[in-house]
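Please find below a short note for a colleague who is opening this entry for the first time. The points are meant to be read beside the sequence and the model.

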Amino acid sequence: MIDVRIRHLGELTVSAQGLGCMGMSHGYGDSDDAQSIETLNRALDLGVTLLDTADFYGAGHNEELVGRAIAGRRDDAVVATKFGFANRLGEPTVIRGDAPYVRQACEASLRRLGVDHIDLYYQHRVDPRVPIEETVGAMAELVQAGKVRHLGLSEASPETIRRAHAVHPITALQSEWSLWSRDLEAEAAPVCRELGIGLVPFSPLGRGFLTGRYNSVEGLAKNDVRRTQPRFADGNLDRNLAIVAKLEELAAAKGVTAGQLALAWVQHRGEDVVPIPGTRRRRYLEENLAALSVELTPEDLAAIEAAAPREEIAGARYDATSLSFVDH
Ligand SMILES: NC(=O)c1ccc[n+]([C@@H]2O[C@H](COP(=O)([O-])OP(=O)(O)OC[C@H]3O[C@@H](n4cnc5c(N)ncnc54)[C@H](OP(=O)(O)O)[C@@H]3O)[C@@H](O)[C@H]2O)c1
């Protein structure tokens with residue numbers, strides 16, 4: 001029996017773990033829609049409410065997939081989607097946060113999802129050319145129009161978070177947070193806590209790496225973006241595998257998998273933290289949800305952190321181009 005608890009992101013009530021849907025359409029090689037729909041339905045059956053998608057994932061395919069899964073059971077889901085990447089897939093990145101674009105992107109997402117409102121609408125990346133007040137002002141108008149219930153930001157800097165929150169309450173910050181990506185702990189997380197903004201760690205399994213499933217790039221599909229990510233690059237991969245080996249040892253001692261240990265560590269960051277591990281498979285979904293029941297003592301947490309010290313993580317979390325779109 002899986003115990004899927006409840007947590008709060010600001011005023012929004014969600015399952016203590018969400019489901020990241022990106023890999024069902026984007027980034028990690030080819031997918032099977034039927035399998036993805038089964039996984040989405042299984043998640044909802046088990047009490048997972050928070051489904052995380054974005055207009056950019058698979059150029060709309062991911063939102064349509066989520067829409068298909070929730071058709072007929074809309075009330076079981078808390079639908080979170082994002083706007084901001086305005087380029088076509090494969091073309092140079094264009095970030096847009098101007099008001100007309102926000103309105104247009106929201107209409108397109110509502111249509112693809114087949115819903116009359118989005119529960120949590122994030123700006124995927126901050127547009128450096130547009131004041132955040134304009135972007136969040138346009139997002140707030142969507143709330144007033146009943147098209148969106150709650151607002152979120154992704155990879156936003158502490159200053160942007162404060163300015164955005166002054167325009168309209170921000171419900172959640174979605175940023176990368178895992179044992180090997182802890183940047184937001186210094187400033188962004190404390191600011192969110194001060195303002196009552198919930199935290200949604202993305203890639204909490206280190207893009208799957210912390211599960212111990214990947215030990216070479218050759219095993220990844222040709223169109224898998226991890227092939228271009230520094231931590232999977234030659235030289236770095238082996239050093240990072242040494243960290244995973246230590247996590248596997250600690251996990252075995254607790255009778256769990258390395259992925260469950262990594263997820264439990266994220267879950268122990270606080271009551272305001274709701275990770276969204278991504279998977280296309282029911283088996284991994286269930287394994288990840290079971291991590292909600294893994295209790296870690298302060299000694300366990302210290303041992304886990306000692307196994308993955310920041311200075312030993314080899315490679316940046318994104319390549320230089322992708323990092324340049326992160327708000328600093
Ligand atoms: N806001 C942003 O900029 C941003 C960026 C990246 C991601 N996200 C969101 O965050 C979600 C999660 O991030 P992510 O998918 O990048 O990374 P992740 O959750 O850290 O890892 C996902 C990868 O791990 C594999 N996996 C999952 N559970 C596993 C298990 N128990 N055992 C072995 N392998 C397992 C998945 O495989 P299968 O798919 O083959 O099952 C997938 O390849 C995404 O789906 C997306 O919604 C947001």
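**Notes on the model**

1. Arginine 207 is buried, with a relative accessible area of 9%, where buried means under 20% relative accessible area, exposed means over 50% and partly exposed lies in between, using a 1.4 Å probe and the protein chains only. Arginine 207 is placed in the loop between S9 and H7, and its phi is near 60 degrees, a positive value in a residue other than glycine. Most residues other than glycine have a negative phi.

2. The model is predicted, so that local features need pLDDT of at least 70 and side-chain atom pairs count only at pLDDT 80 or more, while totals for chains, interfaces and linings use all residues. Residues are numbered from 1 along each chain as its sequence is written, and side-chain values use heavy atoms, with hydrogens and water left out.

3. Serine 203 is found in the loop between strand S9 (198-202) and helix H7 (236-254); helices (H or I, at least four residues) and strands (E, at least two) are DSSP runs, numbered from the N terminus. Serine 203 has a phi near 50 degrees, a positive value in a residue other than glycine, and it counts as buried because its relative accessible area is 15%.

4. Around the ligand there are 32 residues, the closest being Tyr28, Asp52, Leu205, Gly278 and Thr279, where a residue is near a molecule if one of its heavy atoms lies within 4 Å of it. Helix H9 (residues 282-290) gives the most to this shell, with three residues.

5. Which residue has a backbone N or O atom 2.8 Å from an oxygen atom of the ligand? That residue is leucine 205, and a polar backbone atom of proline 204 is 3.5 Å from an oxygen atom of the ligand. The side chain of tyrosine 214 has an N or O atom 3.2 Å from an oxygen atom of the ligand. The protein covers 98% of the 910 Å² of accessible area that the ligand has on its own, with areas from the Shrake-Rupley method and a 1.4 Å probe.

6. Arginine 74, in the loop between helix H2 (61-70) and strand S5 (78-83), is buried because its relative accessible area is 18%. The side chain of arginine 74 reaches the backbone oxygen of alanine 77 at 3.1 Å.

7. Alanine 108 lies in helix H3 (residues 99-113) and counts as buried, because its relative accessibility is 15%. Alanine 108 and aspartate 55 are 53 residues apart in sequence and 8.3 Å apart in space, C-alpha to C-alpha.

Definitions and conventions. A polar contact is a pair of N or O atoms within 3.5 Å; within protein, one must be able to donate a hydrogen and the other to accept it, and residues adjacent in sequence count only if both atoms are side-chain atoms.
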